[in-house]
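Let's take a friendly walk through this structure, starting with its aromatic side chains and ending with a pair of helices.

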Amino acid sequence: MKFIIFCLQIKNETIPYKILFDPKGSEMQKEYWLLPIGALALLTFLVLLQIPIRRFYAGFIGKVIPDDFKFGESKNVPGWVTIANRNYMNLLEMPLLFYLISLIQYLTNFSDPMNFRLSWVYVGLRVLHSLIHLTYNNVIHRLAIFAVSNLVLFGIWVNYFGKFLEIIFWG
């Protein structure tokens, strides 16, 4: 049986997929912090793409007219159309703090494997949140995932600044 190792090319260096999620035991390059940022940005663009797809489809089947979007989304727009826009707005709210802490860690060469793994957990939870929101939209499931993702994000911030303050005050 052949094992396929997925690789990523960074600075002409092949990096096995294990390092992308668990850099422990290897010298973590600061560029790795850009990977979860890119993954969450990709999710945001994919959800953004859902907005015109759903709007045009609703127009083609006669559920909406262009004036229904003149001042945003009118009450005539079906829920399955508006939900993509709402999910897109969600991806521009709390993830802003994720982008910020990830860039801070990138710029300061912070190489903590726990925060790196938590970053991927956060991205995975946001993907799951979007999948729930855009498909069966169970509010309780969505809320649970949203709450856990925010706790993970808070943990990333606390861990970073805890270690930052430790370095500043105790060397």
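## Aromatic neighbours

Phenylalanine 161 has a relative accessible area of 31%, so this residue counts as partly exposed. Please keep in mind that the model is a predicted one. Tyrosine 160, by contrast, is buried, at 4% relative accessibility. The two residues form an aromatic pair, with 4.9 Å from centre to centre and 85° between the planes. That angle makes the pair edge-to-face, because planes over 60 degrees apart fall in that class.

Another edge-to-face pair joins phenylalanine 169 and tryptophan 170, with centres 5.9 Å apart and planes at 65°. Both partners are exposed: phenylalanine 169 has a relative accessible area of 58%, and tryptophan 170 has one of 69%.

In total, the structure holds 12 aromatic pairs. Tyr160 and Phe161 also belong to one aromatic cluster, together with Phe110, Trp157 and Phe164.

A charged residue meets a ring as well: lysine 30 lies over the face of tyrosine 106, at 4.5 Å from the ring centre.

## Two packed helices

Helix α2 spans residues 34-60 and helix α3 spans residues 79-90. They pack with their axes 8 Å apart, at an angle of about 160°. The two helices are therefore roughly antiparallel, and α2 passes α3 in a left-handed crossing.

Which residues of α2 and α3 meet? On the α2 side they include Val47, Leu48, Ile51, Arg54 and Tyr57. Among their counterparts in α3 are Trp80, Ile83, Ala84, Asn87 and Tyr88.

Terms used: Residues numbered from 1 in each chain as written. Predicted model: local features only at pLDDT ≥ 70, side-chain atom pairs only at ≥ 80, totals over all residues. Heavy atoms only, no water. Phe/Tyr/Trp six-rings, centres within 6.5 Å; stacked < 30°, edge-to-face > 60°. Buried < 20%, exposed > 50% of the residue type's maximum accessible area, 1.4 Å probe, protein only. Lys NZ or Arg CZ within 6 Å of the ring centre and 35° of its normal. Axes fitted to C-alpha atoms, helices over the stretch in contact; angles between N-to-C directions. Helix = DSSP H or I, 4+ residues; strand = E, 2+ residues; numbered from the N terminus. Parallel < 35°, antiparallel > 145°, perpendicular 65-115°, else oblique. Left-handed = near helix turned anticlockwise from the far one by under 90°. Contact = heavy atoms within 4.5 Å.
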